[in-house]
Amino acid sequence: NGEPQIHNLKQLLVFHRIGAMLKDHRARPGVIRQALSEAQVSSEEINAIYRQVDQILESMAAVQTEATGGLTIREAIDNA
């Protein structure tokens with residue numbers, strides 16, 4: 001119907017932000033953020049998504065460290 005699918009855009013923002021934090025050159029969170037803004041999603045709501053992404057990344061880092069001893073996710077967080 002031509003209307004932006006807000007839920008899908010929010011999910012895309014999560015995936016693109018995680019990808020960007022992990023240095024995936026294909027990730028474009030700014031483009032998705034702009035689409036959400038244009039769809040009249042408030043800055044507060046978008047910032048809440050960014051906070052959720054931070055929590056997801058913290059969980060991912062903890063699991064990676066516990067399961068493999070790896071620190072690549074932790075380093076990506078620390079270097080952001």
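1. Basis. This is a predicted model in which local features need pLDDT of at least 70 and side-chain atom pairs count only at pLDDT 80 or more, while totals for chains, interfaces and linings use all residues. Residues are numbered from 1 along each chain as its sequence is written, and side-chain values use heavy atoms, with hydrogens and water left out.

2. Overall layout. The protein chain contains four helices and zero strands, where helices (H or I, at least four residues) and strands (E, at least two) are DSSP runs numbered from the N terminus. In sequence order the pattern is α-α-α-α. The C-alpha trace spans about 45 × 25 × 20 Å along its principal axes.

3. Of the 80 residues in the protein chain, 28% are buried; buried means under 20% relative accessible area, exposed over 50% and partly exposed in between, with a 1.4 Å probe and protein chains only. Among contacts (heavy atoms within 4.5 Å) with a separation of 6 or more, 45% involve residues 24 or more positions apart.

4. Helix α2. Within α2 (residues 29–38), Pro29, Ile32 and Leu36 are buried. They lie on the same side of α2 because they cover an arc of only 65° around the axis, the arc being that of the directions from the helix axis to the C-beta atoms. Val31 and Glu38, on the other side of α2, are exposed. The buried residues of α2 pack against α1 (6–21) and α3 (43–68). Just after α2, Gln40 has a positive phi of about 70°.

5. α1 with α2. The axes of α1 and α2 come within 8 Å and cross at roughly 155°; axes are lines fitted to C-alpha atoms, for helices over the stretch in contact, and angles run from 0 to 180 degrees between N-to-C directions. Residues of α1 including Ile6, Leu9 and His16 meet residues of α2 including Pro29, Ile32 and Leu36.

6. α1 with α3. The axes of α1 and α3 come within 10 Å and cross at roughly 50°, and α1 and α3 are therefore oblique to each other. Among the residues making the contact are Leu13, Val14 and Ile18 of α1 and Ile46, Ile49 and Val53 of α3.

Key. Angles under 35 degrees count as roughly parallel, over 145 as roughly antiparallel, 65 to 115 as roughly perpendicular and the rest as oblique.
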